[in-house]
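This briefing goes through a multi-chain model, topic by topic. Please keep the sequence and the structure at hand while reading.

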Amino acid sequence: MTPAVGVSGRRGERLLALLVLPALVFVLAVFVVPVARFLSLAVDNAELGLGLSRTVAALDAEPPAEGEVPGEAAFAALVADLAAARTAQQDALIAQALNQRMVGTRFLVIKTARDAARGEFAAPFKPAVLAAHPDWADPEIWRTIAANGGRLTDYHLLAALDLRRDAAGDIAQAPPEATLFRQLLGRTVWISVVVTAACALLALPLASAITAAPPGWSRVLFALVLFPLWSSLLVRTVIWIIVLQRNGPVNAALVATGLTDAPMTLIYTRFSLYLAMIQVLLPLMVLSVVSVMRRVPPSYMKAALSLGAPWFTAWRTVQLPLILPGLMAGSAIVFVFAIGYYVTPLLVGGPGDQMISSMIAFYTNRTLNWGLAAALSVQVLALLAAMTLTGLALRALARRSVPA
Amino acid sequence: MSAARLRSVAMYALAALILCYMLAPLLLVFPMSLTSGNTLQFPVRGYSLRWYEELIADGRWLAALKVSMIVGALSTLLALTLGIPAAIALAWGRFPGKRIVSAILAAPIVTPIVIVGVAAYFFFSRIGLVGDRVSIALIHAAIALPVVVSTVAASLTTFDRNLLRASASLGAGTLRGFFEILLPLIAPGVAAGAIIAFIISFDEVVVASFLSVGADRTLPRMIFSGVRESVSPAVAAVSVVLMTFSALLLALLGWLQSRGRRRGR
Amino acid sequence: MMTTTPRLAALTAVLAALSVPAHAAEITVVGWGGTWDEAYKEGVWDVFEGETDHTIVMEEWAGELAKVRAQVQSGNITYDLVAAEAPSVEIGCAEGLFVPLSEEITGPADSYLPGTLHECGVASDTWATVLAYDKDAVGGTEPTSWADYFDVEAIPGKRGVLAQAQYTLENALMGDGVPADEVYEVLSTPEGVDRAFAKLDSIRDHIVWWNTTTQAVQNLSSGEVVMTDLYNARVTNEVQNEGKNWGIAWEAGFFYGTDMWAVVAGAPNEEAAIELVKWFSEPEHQAGFSRLYAYGTGRREAAEFVSAEQLEHLPSSPAHAPHGVEYDTDFWVENKEALEARFKAWLGQ
């Protein structure tokens with residue numbers, strides 16, 4: 001297991017690499033592969049592309065005229081597809097996928113599949129199917145099936161951006177009343193930005209106090225700031241519900257001091273969401289600001305002040321540039337964590353304060369719309385990746401601009 | 001008062017105020033959980049241990065605690081077994097693709113937790129493992145792994161590798177060298193990693209809520225589903241218990257680290 | 001009393017579970033949680049456990065059919081019997097997720113009230129979403145219609161509203177003057193949907209959203225809202241057990257729905273679960289729940305085992321029934337995903 005621990009030299013250092021293999025294989029197996037498989041559902045079209053492959057092929061071979069119902073071949077293929085799907089317990093998924101693209105087709109598919117599997121249709125299939133389920137006479141269904149063939153689809157990725165393909169196959173905007181996801185993305189980013197900015201502002205006095213205090217006090221302060229980091233996120237979130245509720249301490253204090261006459265609605269609002277998220281994430285920011293502040297000698301500020309600079313000017317021109325890397329690193333961490341928040345918005349936010357993660361969970365738990373859940377996940381990860389790349393590029397640029 | 005003194009007072013006052021915002025809610029829950037009433041109220045009308053007794057009397061909380069303990073122990077063990085060798089490789093080894101390997105190991109902790117949970121749910125439901133505590137422990141181990149690797153790697157950088165060479169030259173086998181020389185010296189780092197890994201698993205709710213059903217419900221999962229219905233004094237009591245538990249573990253961690261530092265000198 | 005009895009019962013259940021005889025089954029029954037589960041336990045499951053060797057393990061869910069589907073497809077089934085909304089039973093049955101139940105198990109079909117028996121399900125309860133209000137808070141003008149609910153000038157104060165499209169859009173249309181029995185006709189058109197959202201828009205700033213029934217009850221108790229949409233038995237419960245001075249505007253019109261017990265196909269205790277359904281189908285046993293919780297039963301004869309006073313609180317009572325219309329389950333099966341997305345978009349605007 002550990003052949004190279006005591007071995008020195010280049011060969012030993014190469015051999016040491018083997019020790020990382022178990023961990024690497026483990027993370028690949030329980031994390032990377034599952035996540036990749038899940039994300040691939042964003043473009044997976046198994047339900048319609050595979051499930052209705054014969055029907056799609058028949059429609060391709062003999063496209064019905066505009067506004068016309070296709071002929072016998074397509075109906076025969078449909079019956080064969082649905083009977084097979086029913087046997088494989090895939091009919092419900094086909095029905096759901098088709099209903100997403102054309103509302104009102106779910107029961108039609110499930111019931112037709114049931115009848116097809118029971119062998120209730122005999123050739124010629126077209127009149128048999130139409131007699132039992134007249135809704136198949138709607139040419140729009142057939143157009144939708146024909147337009148959604150193939151193994152891959154961009155349907156979910158487009159839907160996650162409030163886009164869809166129109167009858168001609170061109171990308172078009174979703175109707176304004178159905179534009180959910182851009183708004184959701186904007187809200188998620190906005191909440192994260194506000195939280196990050198607030199954390200940065202609040203971390204400055206805390207970090208300054210920790211660095212300036214005598215060593216003993218400094219350690220106590222630091223421990224107090226870090227304590228919330230180690231108590232459970234869930235517990236801290238729940239505690240905000242308890243503290244901000246109508247009969248809670250904050251309302252009691254507000255009424256007792258005469259600031260308000262009656263208890264206010266504090267919980268389940270954007271305000272309570274900010275309070276809880278900032279409290280949860282602030283320690284991370286303090287951590288990274290303190291680590292750079294400790295490296296800045298206090299004499300710099302003293303020198304600037306003794307030269308007669310006003311305090312803020314001295315701070316802005318001397319202190320700030322030196323701690324900026326810590327602030328940036330802290331902001332990046334806080335922002336990345338904030339973007340993925342789920343439990344806190346769910347528990348202390350209102351229905352209008354939910355973030356992307358809530359929606360991913362909604363489509364997974366409630367409607368089992370894996371495709372859309374995966375597409376939204378791709379969106380979040382793409383956003384985070386873009387941020388990381390921008391950060392790296394900015395750093396490289398900053399390094400280059402420093403005169404050698 | 002001089003301007004400098006005034007600024008310093010203002011800074012400490014501001015820091016105290018912010019600290020108050022961070023900690024006061026946590027402290028307020030202690031008295032509130034001791035209510036003798038049926039609902040959480042402030043100011044508290046009458047004090048009793050009623051809700052703590054309720055926690056013990058209601059078998060579900062204890063059952064969930066047991067599941068959490070088992071899952072936490074399993075995932076910690078797994079994270080250590082995989083993490084210590086990985087840390088050695090990353091701290092001492094030199095090989096191509098080291099940065100990529102580090103990035104892959106770190107991925108579970110920077111990926112939004114809902115995506116981790118949903119992907120795990122999708123994956124485990126395909127292989128029939130959903131609802132099994134092992135499935136939760138596996139994912140928790142993956143999330144804790146990078147933390148274990150980085151704490152252990154940190155303690156490895158101060159370790160003098162000549163000690164291992166000396167033991168090898170004296171004829172001690174590699175395994176013996178690992179268990180008798182390396183492990184005792186990096187023990188504080190390993191212990192710190194273990195504690196953090198356990199806390200991560202013990203507090204984790206999102207993955208647990210996707211993966212756990214019925215008998216395999218973890219404690220945070222219990223709180224989570226209960227809270228969405230209503231926040232009862234029992235939930236406040238559990239919160240206090242959990243916070244105290246984390247504080248104890250954190251104190252233990254601090255003690256270990258200060259010991260490690262002293263030894264390092 | 002209220003808190004100790006279920007607790008003792010829970011303890012005995014745990015003890016009983018530890019000493020299960022080998023031939024008896026542990027049936028996992030999945031209900032809606034909270035007070036609903038408590039009433040079912042006290043009125044039905046405890047009786048069943050007393051009469052048979054089987055034990056009941058209670059689980060709760062929010063009706064996510066997807067969970068059943070995932071369990072059946074992976075072959076790792078943990079649920080035996082689930083309480084599901086009628087549309088879910090309809091879909092699940094068509095998909096083969098639930099076991100078809102013969103009349104031998106359910107009793108004669110014609111002994112059931114309309115809509116309470118399905119090929120794959122027996123009604124667990126028939127519930128109604130009603131307009132509930134605090135008589136002390138409305139200042140003497142008690143609401144008698146959903147139009148009053150949407151009129152914050154006539155009766156000032158905040159309104160509790162369920163934070164989802166399903167069940168809420170119906171109320172909005174009634175508030176806009178659509179008679180209950182024409183609601184789905186209107187809602188099936190794009191203009192009708194716009195109309196429902198416009199109505200909600202009109203009181204947007206006066207809404208306190210709720211997600212769980214407990215939240216809705218708390219909002220009305222604390223005075224945060226003066227009226228709310230709520231499930232009728234929760235209102236009756238609070239009046240009967242907590243002495244609240246609350247009223248229900250039955251005459252405003254209401255929608256009712258039926259939840260059903262369905263046996264998961266291939267469940268580990270499928271046979272015992274069917275046995276449980278058969279036992280439950282006896283009118284006397286069905287009545288066990290309605291006696292404690294003001295929701296209706298499936299079989300007509302069950303009414304004989306419920307007190308006359310309690311019967312008056314049920315949605316099916318002669319005084320209330322004329323104002324009630326059944327939820328259109330088919331409509332929601334097909335439109336839910338699209339309308340909920342639009343609802344969420346509207347919430348965030």
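Which residues of chain B does the UniProt annotation "transmembrane region" cover? According to that record, an unreviewed entry, they are residues 12–34, 69–93, 100–124, 136–157, 178–202 and 234–256 of chain B. The model is predicted.

- One of the spans that the UniProt record lists as "transmembrane region" is 69–93 of chain B. Its end C-alpha atoms lie 35 Å apart, and the span is 96% helix and 0% strand.
- Residues 234–256 of chain B also carry that annotation in the unreviewed entry. Here the end C-alpha atoms are 33 Å apart, with 100% helix and 0% strand.

**Contact between chain A and chain B**

- Chain A puts 65 residues into this contact and chain B puts in 77 residues.
- On the side of chain A that touches chain B, the largest share comes from helix α2 (residues 21–40) of chain A, which supplies 12 residues.
- That side of chain A divides by class into 49 nonpolar, 13 polar and 3 charged residues.

**Contact between chain C and chain A**

- This contact is formed by 24 residues from chain C and 29 residues from chain A.
- Three helices of chain C, α3 (65–74), α4 (86–95) and α15 (329–348), each give at least two residues to the side of chain C that touches chain A.
- Of these, α15(C) gives the most, with 12 residues.
- The side of chain C that touches chain A has 10 nonpolar, 5 polar and 9 charged residues.

**Overall build of chain C**

- Chain C contains 15 helices and 11 strands.
- Taken along the principal axes, the C-alpha atoms of chain C fill a box of roughly 65 × 45 × 40 Å.
- Of the 349 residues in chain C, 49% are buried.
- Among contacts in chain C between residues at least 6 apart in sequence, 72% join residues at least 24 apart.

**Domains of chain C**

- Chain C is divided into domain 1 (4–126 + 257–323) and domain 2 (128–256 + 328–348).
- The centres of domain 1 and domain 2 of chain C, taken over C-alpha atoms, are 27 Å apart.
- Domain 1 of chain C brings 15 residues to the contact between them, and domain 2 of chain C brings 16 residues.
- On the side of domain 1 that touches domain 2, the elements of chain C giving two or more residues are α2 (34–51) and α4. The most come from α4(C), with 4 residues.
- The residues on that side of domain 1 of chain C divide into 7 nonpolar, 7 polar and 1 charged.

**Strand β10 of chain C**

- All 10 of the 10 residues of strand β10 (residues 254–263) of chain C are buried, so the strand is largely enclosed by the rest of the structure.
- C:F254, C:Y256, C:T258, C:M260 and C:A262 point one way from β10(C), while C:F255, C:G257, C:D259, C:W261 and C:V263 point the other way.
- Strand β3 (residues 81–85) of chain C runs antiparallel to β10(C) and is joined to it by 5 bridges. C:L81 stands opposite C:V263 in β10(C).
- Strand β5 (residues 121–134) of chain C is also antiparallel to β10(C), with 7 bridges. There, C:W127 has C:G257 as its bridge partner.
- Strand β11 (residues 324–326) of chain C pairs with β10(C) in the parallel sense over 3 bridges. The bridge partner of C:F254 in β11(C) is C:G324.

**Surroundings of C:V29**

- C:V29 is found in strand β1 (residues 26–31) of chain C.
- Is C:V29 buried or exposed? It counts as buried because it has 24 C-beta neighbours inside 10 Å, and the cut-off is 20 or more.
- C:V29 and C:V57 are 28 residues apart in sequence, with their C-alpha atoms 6.0 Å apart in space.
- Leaving out residues up to four places away in sequence, C:V29 touches C:I56, C:V57, C:M58, C:E59, C:D80 and C:L81.

Notes
Residues are numbered from 1 along each chain as its sequence is written. Chains are lettered from A and ligands numbered from 1 in the order in which they are written. This is a predicted model: local features need pLDDT of at least 70, side-chain atom pairs count only at pLDDT 80 or more; totals for chains, interfaces and linings use all residues. Two residues are in contact if their C-beta atoms, placed from the backbone, lie within 7 Å. Ala, Val, Leu, Ile, Met, Phe, Trp, Tyr, Cys and Pro count as nonpolar, Asp, Glu, Lys and Arg as charged, and the others, Gly among them, as polar. UniProt positions are given in the numbering used here, feature names are shortened, and annotations may be inferred rather than shown by experiment. A residue is buried if 20 or more other C-beta atoms lie within 10 Å of its own, exposed if 12 or fewer, and partly exposed in between; C-beta atoms are placed from the backbone. Two strands pair if DSSP finds at least two bridges between them. Domain bounds come from an automatic or database domain assignment.
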